[in-house]
Amino acid sequence: MKKLFVILLALALCFCGGADEVKPPVDDDTEQGDDNNGGGDENPDPDPDPDPDPDPDPDPHSGAVVLRGSATGDAYAAMRLLGFEPESPDEDHTPSVPHITQVYDADLQKYVFAFLLHVTPDTDKGEESDRQRNEIKTWDRSPANMTGTVGETHEYKWFMRLDAGFVPTPEFSHLHQIKPIKQKDTGGDENPIITLTARRSGSNNIMQLIYRADGGGNEYLVNNVALSDFQGHWVSFTERVEYKADAHYTFKAVRVSDGKVLINYDNIDPVSGVKSKTLCFWRASMGLGRPKWGLYRRTLSQTTGQPLAGQRDETVRFADFSIEESGQ
């Protein structure tokens, strides 16, 4: 009797048109198809990254502070956000004129910083003198990893482009410096330890890398490099500073367009390890060491007080300032 009942039930199900097919249970996440035929793709595309990296060119050096140009327009805000401080002659004009702007550079194909100096009326931080400046720096209000303390090593990187017609002065046209910040209420030498400067020497325009010992005069680590190798070209700079009384120091400048090495200084021979020159990067009066970049130039003759010949408004472009600190 039981077997007969089972057979009859099976026949009834076969001929019944209202019964639905029974489906196995599925994970809800696999039932997300929304195409026109009502079913999901067999191999659906993965969901887009909900938080894509906003920086398509991340800095490869972990821990580095990097200031890059952007299309935001406000160069000063971008600088101060990271801890850089501008020293620009904006207020020498009425109305005020921004002297550091962000512009798109066709060669690098990205936004960069343009530093502008006018022959007149730009001054040196509001003071009428024989010189003028438009620079950025780190200072005692910057984050600790942007200024050097005794025993630390800092690596600085940046790109710079002088205009093809850039005119240096016979006095100085400083483009980069490593300077001490003195301890409060102390004397001591406030002159830069390192200076990269363009200069007119006789009939030649040259680039110089200058060292100044505590209380000493200028010593030329690199001299008489043809300025024409820099003019109209982007150049990549890498500088490594040990903030010590007996320091290891390296400075390298490479032209971007063809890879030509324009400056390659190391006070320790990389092969023999022999030190060619003792360099002091920590003076007794120092509280901090810090970098500066921009254009700082003398425009009046130191002897006659008259304007130096040939001066013109200049714009120097910079890109990708990088500061990376390593431990003691």
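**Strand pairing and pockets**

Author: Strand 9 (204-212) and strand 10 (residues 218-226) pair in the antiparallel sense over 6 bridges; strands are DSSP runs of E of at least two residues, numbered from the N terminus, and two of them pair if DSSP finds at least two bridges between them. This is a predicted model, where local features need pLDDT of at least 70, side-chain atom pairs count only at pLDDT 80 or more, and totals for chains, interfaces and linings use all residues. Residues are numbered from 1 along each chain as its sequence is written, and side-chain values use heavy atoms, with hydrogens and water left out.

Reader: Which residue is the bridge partner of I206?

Author: A226, in strand 10.

Reader: And which residue takes a positive phi in that hairpin?

Author: G215, near 75°; the hairpin has 5 residues between the strands.

Reader: Pockets next. What volume has the largest pocket?

Author: About 380 Å³. A pocket is an open set of points on a 1 Å grid over the protein atoms alone, where a 1.4 Å probe fits, with protein on both sides within 12 Å along at least five of seven lines; lining residues have an atom within 4 Å of a point. The volume is the space filled by probe spheres set on the points, which are joined across faces, edges and corners.

Reader: How much space lies in the second largest pocket?

Author: About 260 Å³. Its lining includes E87, W139 and R290, and the largest share, 4 residues, comes from strand 7.
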